[in-house]
Amino acid sequence: METAKKLKLKSSRFFEKEMSSKAQELIEEIKLKDRSHLRLREWYKRNHYEKSLKELRKQYEKYFTIAKVDGRTFTSEQFVNQFEIPDIPCIITNTTDDWNVDKYWTFEKLYQLYKETCFKIGEDDKGRKLRLPFKYFLEYLVYNKDDSPLYLFESSVEDMKDGGADMIGRYKQHKYFKEDFFSMVGEKHRPPYRWFLVGPKRSGTTVHIDPLMTSAWNTSLQGHKLWVLFPPDIPKSIVKAKGLAAKKEIDPEVLDESIDYFFYALPKLIEKEGADNLKIIMCVQGPGDTIFVPGGWWHAVLNLDNSVALTQNFMSINNFDKIWRSVRDERPKFSQRLLEAFKEQRSDLYERALKLDDIDKNEFRVLNDANPLSSDDSSGSSSSSSSSSSSSSSNSDDD
């Protein structure tokens, strides 16, 4: 009841003692498919519901070193020069002044607009989307006591029925992120890039890199998120604390969920490696804040309270080289489609992509000449030793 009042929800379904039997039935069915390794009672075995996220936030305040700028006065040119080109994360405040947040983006307004719309709140073991009507998900958000709750993470907004597609017209593209070369292939052919997020308190995404080295922006409309970011040169094994798990210094289970990562793994990681050596950047993002995450940066996110956010990944002229190399090596069919789009619409990008391919082929030949025993006589192949990084395919807050 207290949660419903705080979120200014009005329907009687949010003021009962517990979820309706229908909501509980559907949620339990999804839980068993989304995390098939867990029994239902194991969703709340760590009692995180009783722990203070305010204290967790205070624990990390000394690492809140992210740069902040005001979106009302900070220019696009300043953003490019100070953050995008040098690949530095930042928070841009006051970015939703013209988004009509009270009209479209409160929990009550979202309930009125989309209560019958089915959104993705998980995946089964085969990667199939698990969907639930929004009215039942909001019940779950109000009543649940799970350690790491289910997270509404919808990427197919433009294809949604029951009014979901209208959502795209209810926010404006930030002036800093209007350039996105993936759009040149059309909506149907590009990888997922836009997500609508509704995160119950304690939900989140564990540490990962966004796919294809894309950069991302994430705008909070409701609620606060705790972020930790690591630069690309910090090894995956360290960021993911695999060594600590292997040495039994932490339970491997605590690496699976965001809240466990922040409660158990990250403190041990900082103690073991040192914050300066990890080069960590942390922050709390609040309503109206937009965070910029450069491509290749590791990050994890925890919802400190019930949240609503939008996020998009993008390819611009300033991150072109690393994204092209990643797309070329990880998604060859898509890279060919993208290259054709460049050829037809932007000859400068087409020439730039071909030049990068030539550079990488030459480097590959030099490597093989220096190490002839490692060659498999396929040095003429286009599969070069590019700087592409392994990207996580898991959902993210850039999300």
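**Why these labels? Questions on a predicted model**

Colleague: What makes strand β7 mostly covered?

Modeller: In β7 (residues 204-208), four of the five residues are buried. Buried means under 20% relative accessible area, exposed over 50%, and partly exposed in between, with a 1.4 Å probe and protein chains only. Strands are DSSP runs of E, at least two residues; helices are runs of H or I, at least four, and both are numbered from the N terminus.

Colleague: What should I know about the model itself?

Modeller: This is a predicted model, where local features need pLDDT of at least 70, side-chain atom pairs count only at pLDDT 80 or more, and totals for chains, interfaces and linings use all residues. Residues are numbered from 1 along each chain as its sequence is written, and side-chain values use heavy atoms, with hydrogens and water left out.

Colleague: How do you know that β7 pairs with β12?

Modeller: Two strands pair if DSSP finds at least two bridges between them. Three bridges join β7 to β12 (residues 298-303), and the two run antiparallel. G204 stands opposite L302 in β12.

Colleague: Why is S316 called buried?

Modeller: S316 has 2% relative accessibility, so S316 counts as buried. S316 sits in the loop between β13 (307-314) and α12 (320-330). Neighbours within four places in sequence aside, S316 is in contact with E84, E179 and F181. Contact means heavy atoms within 4.5 Å.

Colleague: What makes K322 and D87 a salt bridge?

Modeller: A salt bridge needs a side-chain nitrogen of Lys or Arg within 4 Å of a carboxyl oxygen of Asp or Glu. The closest N and O atoms of K322 and D87 are 2.9 Å apart, so the pair qualifies. K322 is in helix α12, and D87 is in the loop between α4 (76-84) and β2 (90-93), 235 residues apart.

Colleague: Why does the pair D233 and K279 tie together separate parts of the chain?

Modeller: D233 and K279 form a salt bridge, with the closest N and O atoms 2.5 Å apart. D233 lies in the loop between β9 (225-230) and α8 (236-239), and K279 in the loop between α11 (275-278) and β10 (281-285), so the pair ties together parts 46 residues apart in sequence.

Colleague: How many salt bridges does the whole structure hold?

Modeller: A search finds 26.
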